[in-house]
Amino acid sequence: MYSVEKIREDFPILKRKVNGYPLIYLDNAATSQKPQLVIDCIVDYYSNYNANIHRGVHTLSQEATDAYEIARKKIQKHFNIKNSHEVIFTSGTTHGINLVANGFSEILLKGDEILVSAMEHHSNIVPWQMLCERTGAILKVIPMNQEGVLVLSEYEAILSEKTKLVFVNHVSNALGTINPISEIIKKAQDKGAAVLIDGAQSCSHIKPDLQKLNVDFYVTSAHKMCGPTGVGMLYMNEKWGNILPPYQGGGEMIKEVTFKKTTYADLPHKFEAGTPNISGGIAFGSAIDYLNNIGFAEIEKYEMALLSYATNELLKIDDLTIYGTGPDKTSVVSFNIDGIHPYDIGTIVDKLGIAVRTGHHCTQPIMAFYKIPGTVRASFAFYNTKEEIDALVSAVKKAQMMLT
Amino acid sequence: MKIEAIQEDLIDEFSMFDDWMQRYEYMIDLGKSLPIIDESLKTEDRLIKGCQSKVWLNAELKGNQVVFTADSDAIITKGIIAILIRVFSNQKPEDILVANTNFIDEIGLKEHLSPTRANGLVSMIKQLKLYAMAYQAQLKN
């Protein structure tokens, strides 16, 4: 039986006050809060078995290496990845994207085409623009409609034999739209293109089956999934793992070094130069355990109820517009009130202890599409409650009264 | 009126309020009463970087005093600008340059002074002082 009261007990931060009010944390799409179990995991590592991994023969190093590799296996199992060496630890989603973009800079030729969706985060636009500048490849955009849903017929129209790469986020951070990635992957691969899915926004809500999706690359960050910041995962299909060159040189990624030539280590170490975020990786594994203990089906059911409640309640406010109204959404509501700047609303609700995000959410193309400076974004997690949504609605009403 | 005297007035005015909401309501009113600057002055080069909302700041030298006018698309930001303009506009460049900004803390708006806050108050003050510095140099020549 799902008990939000019991779940909230796991998150120490939810007990604090902000500006004299109990914290209401509705900025989960930016980062999630951390359960005690994850915090304890980091403390335990530094208190009891901190050592560098994959190198030492001493006991501590063995223990740390084991724990890190167990975390890799947890990630492998969670995402249903065939081989554990296809799981590459990164510093987060942005790192994973840059690693892949860098690899393709040696593969793409002038005139090759790269497709990105119109609802990408800047981190999934800029690396590809840089890649196009380096290689002479051409960046094309899969458009979206007013509801914030990708237009698949347009996607098919711009896909061609020239398309070498397709990059789409699983879930839009600004709108909450869940993209039909299975269809997108299949259509791209039919034309011989590789696909990278940015899962930064999806993995706290959805448990993707990467073998079933048969995707080439999938990236995500631990910190949106109750794990620590500064660590993430890049799934790279074994085929690409052998083709792409290493991203950074350093320790760990080598097999043999002489001053004439270095041979690179096998996967995944080829892409993991330097000492990684060891405690972060181990705690990422704990976070995955934590989420699976609650269960993604339960989480989804609960969050969908929150989303529909929040949508209905917010729409009762006069002159309020929600952006991202497609049928498949995660628990994100991005909105504006006519004549009020989102920054003003964010400032007032913060004074009432409520954390929301305001601004362009690193998605300026989406804001340009809707001709708005930004939005107020409330993003809900499985530990939020209907009472918190009521508080948000009443705070927004108060802000509206003060600001008009 | 000297800068310090205006700051004292502001501290007095804000001390009448018991809570943040009254302070913000007053600030919003100040923002609403800020004269709107001419659309032709809302140019890219008058935009202050580092703000989540747009802020345009215009400076002119009238006699030996700097006159500031400004606007923003966010009303709370406009209120902050109104306060800054009341303090710093129609003042001599050298007075603007030496003025401190402790009054912002004293009127209970300290949170807006954080450089990580995206409202750009810090950038605004920096820009006001940069204009003052430029006009001071101009007056000396």
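**Exercise 1. Determine how many residue pairs are in polar contact across the interface of chain B and chain A, and how many salt bridges are found there.**

Solution. In this predicted model, the rule finds four residue pairs in polar contact across the interface of chain B and chain A, both residues of each pair being at pLDDT 80 or more. The search for salt bridges across the interface of chain B and chain A gives zero.

**Exercise 2. Describe the side of chain B that touches chain A by its helices and residue classes.**

Solution. Start with the helices: α2 (20-33) and α3 (75-88) of chain B each supply at least two residues of this side. The largest share, six residues, comes from α2(B). Then sort the residues of this side by class: seven are nonpolar, five polar and five charged.

**Exercise 3. State the extent of the interface between chain B and chain A.**

Solution. Count contacts: 17 residues of chain B are in contact with 15 residues of chain A. Next take the area: about 1500 Å² is buried between the two chains, and carbon and sulfur atoms give 61% of it. Within chain B, the residues that lose the most area to chain A are B:Trp20, B:Gln52 and B:Ile76, together 39% of what that side buries.

**Exercise 4. Decide whether A:Ser32 is buried or exposed, and describe its surroundings.**

Solution. Locate the residue: A:Ser32 sits in the loop between β3 (24-25) and α2 (36-49) of chain A. Its relative accessibility is 4%, so A:Ser32 counts as buried, the cut-off being under 20%. Beyond neighbours within four places in sequence, A:Ser32 is in contact with A:His223, A:Lys224, A:Met225, A:Cys226 and A:Tyr383. Finally, the side chain of A:Ser32 reaches the backbone oxygen of A:His223 at 3.0 Å.

Notes: Residues are numbered from 1 along each chain as its sequence is written. Chains are lettered from A and ligands numbered from 1 in the order in which they are written. This is a predicted model: local features need pLDDT of at least 70, side-chain atom pairs count only at pLDDT 80 or more; totals for chains, interfaces and linings use all residues. Side-chain values use heavy atoms; hydrogens and water are left out. Helices (H or I, at least four residues) and strands (E, at least two) are DSSP runs, numbered from the N terminus. Buried means under 20% relative accessible area, exposed over 50%, partly exposed in between (1.4 Å probe, protein chains only). A polar contact is a pair of N or O atoms within 3.5 Å; within protein, one must be able to donate a hydrogen and the other to accept it, and residues adjacent in sequence count only if both atoms are side-chain atoms. Contact means heavy atoms within 4.5 Å. Buried area is the accessible area (1.4 Å probe) that two parts lose on being put together, summed over both. A salt bridge is a side-chain nitrogen of Lys or Arg within 4 Å of a carboxyl oxygen of Asp or Glu. Ala, Val, Leu, Ile, Met, Phe, Trp, Tyr, Cys and Pro count as nonpolar, Asp, Glu, Lys and Arg as charged, and the others, Gly among them, as polar.
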